[in-house]
Amino acid sequence: MNLQYTPASSELFSYSTKLLFYCELCAPYTAARSALTPQARRNVTSTLRAFRFRSALRFVPKKGAMLNLDRREKADSLLTSIVIISFIVALTDIALALLSLSRRDKGGIYLGLMMFMAAVVDLTYTASVLAGNDFQTMSWFSSAYFSSVTLLCLFLAAYISNFTEHENHIISRRFAAGSLVYGIIDIFFMMTNPLTGLSIGYTYSATAIAHWRYDPHLTYDLHLLFTYLLIVFVVINLVVKIRLVPKVYRRRFRTPLITLLVVVLMNAAFLYLPAAELFDFSVYFYSIAGLIFYLNHYRYSKRLVTADSYKLALNEMDSIVVFFDYKQRFVSCNNQASVLIPEEKQNQSFTLSYLVAQHDLGKYVGSMDHDVKFAWNARINGEIIPWHCSLKLIREDHKTLSGYLLICTDSSLETDLLTGFHTKAAFDRTSSLMQEEGTIFPRYSLVVACDINGLSLINSNHGRTIGDEALRQLSQALVAVFPSDTYFVRQEEGTLFMICADVDGQKVDVFMKTVMARLAKTNPTGEEVAPFRVQYATCSIDYTHRNAVQNAALIAIRSMRNRKLLDPHSTHASLLASLAQAQRQNDGETEDHVARTRQSGELLGMRLHLTDLQQSTLALICLLHDIGKIGIPLEILNKPTKLSDAEWEVMKSHTIKGFEIANASPELSGIAKLILCHHERWDGKGYPLGLSGERIPLLSRILSVVDTYDAMTHDRPYRRALTTAEAEDELQRCAGTQFDPTLVEAFLDLLEEHPELAVSDADDRRTYSTLFEETPEHAAQPSEVSVDTNEENRPTSIPHGRYFLDENNVIIGADEGFTAITGYTESEALAKSLTQYDLIPPECFDEYLDMVRAELDDHAEAYLKHRILRKDGATVTVFCFGRSFYDPVARAMRNEVIITQVS
């Protein structure tokens with residue numbers, strides 16, 4: 001130990017004298033005195049007496065020495081106060097440590113450990129001061145004090161790294177690892193110092209409160225350097241964080257930085273200023289800093305940041321927000337309120353009552369004694385702004401009125417958070433207000449509605465996050481493709497619609513193709529989901545009607561939903577698929593008939609310039625107009641002969657049954673009446689309601705024309721098909737009686753423009769006959785051709801017949817033409833269970849099977865030329881057409897064969 005007694009003379013510091021001084025002050029020295037010579041013992045004793053006497057003189061009230069006595073009494077009083085303060089500070093630190101640890105978050109744990117070490121620093125330093133002349137006690141407590149400071153700085157660095165969110169940075173991790181290693185080494189040197197004296201020596205000072213001055217060695221200097229390096233690391237973290245975060249959040253990190261710098265300055269003052277050597281008051285600043293850190297972490301900083309954030313958010317809001325006190329005097333507002341309340345009027349002289357009177361709002365807010373919401377079409381600087389306003393009364397504990405809050409939102413600026421489109425509520429308010437004023441929507445001409453097919457299925461199968469992402473990217477694509485002045489709205493769920501100016505249906509088609517091309521490239525739903533499809537529809541805005549914009553939007557959405565019903569990729573199409581399947585079970589011809597009718601109806605609708613809603617509705621009734629036939633007995637529905645009167649009445653009931661089926665479904669209720677009326681006649685003699693003329697719905701009249709034409713040109717169980725010419729003649733003959741004459745004329749013009757629609761089973765048979773007549777091996781010689789002006793345009797009559805086979809190719813029905821060609825009557829064929837193969841000559845059998853297989857591999861129907869073995873053993877060459885169909889009466893597959901004899 002380095003012990004220096006300044007008042008003693010230099011000759012006392014021989015080896016033996018130092019030993020006796022140590023024994024005199026710190027331990028019994030009887031054994032040490034016995035080791036000296038008698039003369040040495042006398043010299044030491046006299047010197048000690050002289051030293052004690054001179055020391056005592058300082059406290060003897062002689063020649064003004066009373067001042068020194070007062071100073072000692074004051075020092076003792078100060079020491080007592082220090083002990084009390086230190087104890088209170090330590091308890092406070094421990095309480096804060098427990099509160100921080102109870103938070104159970106990482107930052108709270110570091111802060112709690114730091115506060116606990118601040119308490120240890122306070123207590124150990126105070127204990128070292130209280131040790132007085134007891135060198136050993138003072139030395140051990142001082143070592144504990146320095147070790148506690150090291151741990152406190154380590155926990156401070158860990159807390160700030162977590163607080164500034166830099167703890168996972170590679171530099172912070174490496175610095176933390178190195179600091180932990182050296183911290184352990186530093187604590188080892190400090191705690192062994194009382195035994196080794198390697199870090200700090202002590203010099204006794206009777207005038208100082210702590211009685212001892214530090215005599216630092218190398219390892220103590222390294223201790224100071226290490227702690228200051230930790231402080232520098234903390235300061236750098238805070239400074240970097242302050243520079244990175246927005247201004248509104250900087251106060252939270254500026255507070256601990258300033259606190260830390262103050263503590264460092266106080267600690268430096270104690271170490272290096274002579275006036276501060278009496279007592280190290282900087283240990284209290286460790287605790288004060290910990291308290292500030294705790295409050296900043298859990299209390300004030302979040303409140304300050306929250307207040308600043310609220311202020312910033314209010315100023316960034318598009319809405320006007322104004323606060324009035326309980327006497328309706330102006331208190332504060334956000335920046336947007338300057339539109340309503342000029343800055344020069346933003347003082348307590350401006351009141352809510354004045355605002356209400358100035359803008360005639362009394363009819364909306366009434367007596368202002370309750371909350372109220374109202375739509376205000378404000379006129380500001382000559383401009384009309386549609387505002388949705390809310391006046392809310394603010395009460396303390398739901399009783400005492402403390403103020404008023406007025407919020408005014410521009411309805412045209414309210415947006416959906418996911419898509420960025422205007423909300424439906426904002427659109428409803430804006431459209432009603434703007435149409436009355438005539439300032440915005442009248443320049444728009446078209447509404448476009450669109451939706452994602454199967455969005456609900458995407459949400460259920462892949463999660464709502466995927467569905468929301470698909471909807472978000474669809475909205476982004478629409479905004480990117482449609483004109484900038486388009487008004488975008490999000491309806492409930494995933495329905496979107498756009499209100500467009502100077503855009504027609506053709507431009508919309510181009511826009512939507514571009515949108516779908518963009519979506520196909522990005523595939524918003526991800527690789528696990530197939531790219532989705534978008535359905536859309538349009539509607540023109542007719543401003544002659546009230547609520548024109550809202551009505552157009554509703555019509556466009558209805559049309560779009562009809563299209564979704566018709567789209568096989570849509571989940572909504574399952575209803576139609578089920579009904580269509582039920583129709584096919586009753587009538588095998590229905591599917592082809594529906595497809596032809598729908599094609600003809602779509603083209604005729606385009607020719608008549610039907611709206612999108614009318615087009616989609618027409619497509620639906622073309623598909624479902626005969627749905628009521630599923631309630632008709634099969635023996636009536638597929639009866640090959642003429643129906644009786646009773647059977648005909650049952651057959652006519654299919655319109656009513658179809659109406660009931662469609663009306664039972666919310667998706668189809670809109671077409672129920674159209675199905676009911678599709679057999680009404682222009683002259684009023686139709687069924688079931690007997691409507692006439694334009695009282696019959698337009699779409700029902702259109703369906704009547706295209707449906708009847710298709711029925712006439714295709715074979716039915718009870719009759720043969722007419723040719724296209726015969727069917728057209730029949731339409732013209734019935735125009736004005738059964739059919740709307742205007743629609744008949746338009747449809748006939750359509751058939752001329754689209755010859756592919758003018759197809760008849762009778763024409764097909766005529767074509768087959770003509771084809772075989774002109775086959776080279778059977779062509780007539782020129783000398784044999786007779787010229788008959790009356791018959792030159794009439795096709796030659798060629799024998800032809802029809803027969804039916806079951807699933808085993810056994811003949812189950814035949815006509816007279818079959819008998820003429822084969823010699824077998826129908827009864828003979830049924831009695832013998834004649835099969836198709838019995839009609840093929842044995843020598844041609846293998847060739848016939850090969851031809852059938854080759855034909856059916858490529859086509860659903862077979863067209864063959866082969867030989868038939870007649871009943872009398874002769875053979876004839878025929879051209880045969882064969883097809884398969886489902887017989888709902890027998891509930892089995894059947895084959896129909898039409899043969900034409902060519903030799």
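Residues are numbered from 1 along each chain as its sequence is written. Because the model is predicted, local features need pLDDT of at least 70 and side-chain atom pairs count only at pLDDT 80 or more, while totals for chains, interfaces and linings use all residues, and side-chain values use heavy atoms, with hydrogens and water left out.

**The sheet and its helices**

Helices (H or I, at least four residues) and strands (E, at least two) are DSSP runs, numbered from the N terminus. Five strands make up an open sheet of mixed pairing, in the order E8-E10-E11-E9-E12, where two strands pair if DSSP finds at least two bridges between them. Strand E8 (422-423) and strand E12 (534-540) are the edge strands, each with a single partner, so one side of each lacks a neighbour in the sheet. Within the sheet, strands E10 and E11 run antiparallel and are joined by four bridges, and Met-498 in E11 is the bridge partner of Phe-488.

Helix H17 packs on the sheet, touching E9 (446-452), E10, E11 and E12, where contact means heavy atoms within 4.5 Å. Helix H19, in turn, lies across E9, E11 and E12.

| H17 | residues 464-481 | E9 | about 150° |

The axes of helix H5 (residues 106-130) and helix H6 (residues 135-163) come within 8 Å and cross at roughly 160°. H5 and H6 are therefore roughly antiparallel to each other, a term that applies to angles over 145 degrees.

**Two single residues**

His-223 belongs to helix H9 (residues 218-244) and, at 2% relative accessibility, counts as buried, which means under 20% relative accessible area, with exposed over 50% and partly exposed in between (1.4 Å probe, protein chains only). Leaving aside neighbours within four places in sequence, His-223 is in contact with Phe-146, Thr-150, Tyr-182, Asp-186 and Met-190.

Leu-856, found in helix H33 (residues 845-858), counts as partly exposed at 46% relative accessibility. With neighbours within four places in sequence again left aside, Leu-856 is in contact with Glu-861 and Ala-862.

Note on methods. Axes fitted to C-alpha atoms, helices over the stretch in contact; angles between N-to-C directions. Parallel < 35°, antiparallel > 145°, perpendicular 65-115°, else oblique.
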